[in-house]
Amino acid sequence: LIFPRTNKAHTMALKTLIGKIKSGNDPVKGLLSMAKASENAERYSDMCSFMRELVAAKVAAGEDLTVEERNLLSVAYKNAVGARRASWRTLILDEYKGNSIIDEYKKKVSTEMKTIWYLSTFFPNDFSLLKSMPIFYLKFIANVLLAWKF
């Protein structure tokens with residue numbers, strides 16, 4: 001599942017790239033590599049998409065995430081939420097109060113934050129991640145929620 005974007009060309013390009021990686025020899029290695037590249041480029045929404053696919057592949061194979069994969073998953077979601085939270089804090093300043101266009105923009109940022117939270121709490125395969133790594137998963141959700149806190 002790809003994060004919502006206003007730029008449809010970007011969304012299609014990301015889906016195509018993920019499809020190519022998944023059809024390769026070692027999709028987990030390819031997704032991990034792209035997640036690291038996304039982190040270096042500070043493209044945390046893209047990083048979330050790569051890590052979500054990586055989790056789905058690992059769960060489907062009956063494998064647990066490595067420590068590095070768990071850390072990257074946490075970094076991706078925490079920073080994706082953190083960027084929106086910073087935007088939200090800017091938009092709620094007194095100088096923007098009463099501006100209907102800013103209010104609409106705040107709704108967009110809020111919706112993006114809620115989408116990230118929703119995507120972080122509902123992973124593929126009926127909570128297989130929760131079943132296989134309950135402490136990590138619950139801590140991960142708590143960290144995302146803390147980053148989401150206004």
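This short talk covers one helix, α2, and then some of the salt bridges.

First, the ground rules. This is a predicted model, where local features need pLDDT of at least 70 and side-chain atom pairs count only at pLDDT 80 or more, while totals for chains, interfaces and linings use all residues. Residues are numbered from 1 along each chain as its sequence is written, and side-chain values use heavy atoms, with hydrogens and water left out.

Let me start with α2. Helices here are DSSP runs of H or I with at least four residues, numbered from the N terminus. Helix α2 covers residues 27-40, which is 14 residues. From first C-alpha to last, α2 reaches 20 Å, close to the 20 Å expected at 1.5 Å a residue; the expected span is 1.5 Å times one less than the number of residues.

Which residues of α2 are buried? They are Val28, Leu31, Leu32, Ala35 and Ser38. Buried means under 20% relative accessible area, exposed means over 50%, and partly exposed is in between, with a 1.4 Å probe and protein chains only. Seen down the axis of α2, the buried residues fall within an arc of 120°, so they line one face of the helix. That arc is taken from the directions from the helix axis to the C-beta atoms. On the other side of α2, Lys29 and Asn40 are exposed.

The buried residues of α2 pack against α1 (8-22), α3 (44-60) and α4 (67-91), with contact meaning heavy atoms within 4.5 Å. After α2 comes Glu42, which has a positive phi, near 55°.

Now the salt bridges. The criterion is a side-chain nitrogen of Lys or Arg within 4 Å of a carboxyl oxygen of Asp or Glu. How many does a search of the whole structure find? It finds nine.

One of them joins Glu53 and Lys22, with the closest N and O atoms 2.9 Å apart. This pair links distant parts of the chain, 31 residues apart: Glu53 sits in α3 and Lys22 in α1. Glu53 counts as buried at 13% relative accessibility, whereas Lys22 is partly exposed at 46%.

Another salt bridge is Glu63 with Lys58, at 3.5 Å from N to O. Lys58 is buried, at 6%, and Glu63 is partly exposed, at 41%. Lys58, Glu63 and Glu69 are linked in a network of salt bridges.

Last, Lys107 and Glu104 meet in a salt bridge, 3.5 Å from N to O. They are three residues apart in helix α5 (residues 100-121), and so are separated by about one helical turn. Lys107 is exposed at 51%; Glu104 counts as partly exposed at 49%.

Technical notes: Helix = DSSP H or I, 4+ residues; strand = E, 2+ residues; numbered from the N terminus.
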